[in-house]
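Colleague: Could you walk me through this structure, please?

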Amino acid sequence: MRLRRQPKVEYKDLLLAESPTELEHLLREYLEAHPNDIWAYLKLGNLLREKGEPQKALRLHQTLLAKPKLDRTTKVKVLKAIARDYIELGKTEAAAETYEQIVSMMPERSAYEELLRLYESMGDWDKAIDVKNKLLRLDKKSEDQHLAILYAMKAYSLADEMPAKEREAERYLKMAEKIYPDLPLILYVRGELHMKGGRNELAVDAWKQLLMEHTDYAYLVLDKLEDLLFKEGRFSELELIYEDTLKVARNPHVIAHLIHILLSKGEKSRAMEYLDELISSYGESDGLRSLKYLLHIETNDIETVRDELRVRGSPFIPYKCENCGYESTMSLMQCPNCRSWLSFR
Ligand SMILES: [Zn+2]
């Protein structure tokens with residue numbers, strides 16, 4: 001059905017728009033006759049943002065704030081639109097400031113959750129902890145696993161300021177431990193603090209413990225362990241750690257790292273056995289298949305095979321978010337897609 005153009009666009013006409021372009025056109029006409037309709041302005045701004053013009057959207061939404069007699073609900077709606085414009089523009093800090101304004105006017109759960117996600121993405125753990133505590137209060141709870149994760153991340157963020165911040169980092173880690181002693185992230189961070197504090201052996205112990213007790217989270221420490229032991233030439237020790245871990249659970253990432261070590265030691269046939277195991281349990285990805293092929297034909301060129309394997313950021317076995325299915329070649333603590341924590345396997 002074609003829209004019959006009338007001299008004046010009315011509200012019901014807007015509902016008939018068949019495309020975003022038509023809706024934009026109708027909204028502009030409608031606004032000429034109804035300059036005080038905030039809803040239509042909001043809609044137009046959102047449309048501009050969706051069209052990839054967030055700067056224009058932001059300008060339009062900001063002019064709305066200057067309108068007199070905005071009730072609180074409407075003002076919150078406008079601020080939410082502004083925050084989304086900032087996020088689209090990559091201005092996370094401005095988005096967070098806007099959400100602070102929103103929660104001060106209307107302390108709703110969804111706004112606090114958005115604010116928490118923003119602070120997490122900024123790595124501002126103090127503010128994230130603060131917002132998390134407010135959310136917990138809304139639930140009449142005092143702590144949960146997420147709060148423990150934030151404390152552990154705060155401790156982790158202090159690792160680069162070792163040894164000056166050692167005690168502060170330890171204090172945050174203890175808080176995380178008190179809430180959730182079994183959190184694998186705690187062992188990861190403890191190892192990091194030891195390493196940055198120059199206590200390599202204790203770091204290795206913490207990461208080894210993580211591999212044994214939380215093998216599913218192996219991805220957190222495999223590269224770290226390898227960085228530490230590989231450069232010291234401690235291949236055999238690394239091999240032993242991986243073999244011990246595999247006695248507990250056949251984790252594909254651990255197997256991939258073990259193959260890497262075996263190739264470094266020139267043990268082609270053992271590497272081949274593990275590769276067969278990976279293929280039989282994990283499926284024959286293109287990467288794994290081509291690696292197998294290389295191993296077969298390039299008998300004298302283990303160097304090339306090793307380069308191909310590139311366990312670190314290996315394309316052969318990507319990390320996958322258990323929550324949303326997002327795949328990454330890097331091991332990540334928080335999923336960039338769904339923002340869940342420790343969800344990669
Ligand atoms: Zn995810």
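Predicted model: local features only at pLDDT ≥ 70, side-chain atom pairs only at ≥ 80, totals over all residues.

Colleague: Which domains does the chain have?

Modeller: The domain assignment gives domain 1 (36-138), domain 2 (145-313) and domain 3 (315-345), and the C-alpha centres of domain 1 and domain 3 are 27 Å apart.

Colleague: How many residues are in the largest nonpolar core?

Modeller: That core has 86 residues, and Ala-152 and Ala-155 have the most contacts inside it. Helix α9 (residues 145-157) supplies the largest share of this core, with 9 residues.

Colleague: And what is Ala-152 in contact with, leaving aside neighbours within four places in sequence?

Modeller: With those neighbours left aside, Ala-152 is in contact with Leu-173, Ala-176, Leu-183, Leu-185, Ile-186 and Val-189.

Colleague: Switching to α4, which of its residues are buried?

Modeller: In α4, the buried residues are Pro-54, Ala-57, Leu-58, Leu-60 and His-61. Looking down the axis of α4, these buried residues fall within an arc of 170°, so they line one face of the helix. They pack against α3 (38-50) and α5 (72-88).

Colleague: What about α11, how many of its residues are buried?

Modeller: For α11, 12 of the 13 residues are buried, so this helix is largely enclosed by the rest of the structure. Among the buried ones are Arg-190, Glu-192 and His-194.

Colleague: What covers the buried residues of α11?

Modeller: The cover includes α9, α10 (166-179), α12 (200-213) and α13 (222-230).

Colleague: Which residue just after α11 takes a positive phi?

Modeller: That is Gly-198, with a phi of about 80°.

Key
Residues numbered from 1 in each chain as written. Domains from an automatic or database assignment. Core = buried A, V, L, I, M, F, W, Y, C linked by C-beta atoms within 7 Å. Buried ≥ 20, exposed ≤ 12 C-beta atoms within 10 Å, placed from the backbone. Helix = DSSP H or I, 4+ residues; strand = E, 2+ residues; numbered from the N terminus. Contact = placed C-beta atoms within 7 Å. Arc of directions from axis to C-beta.
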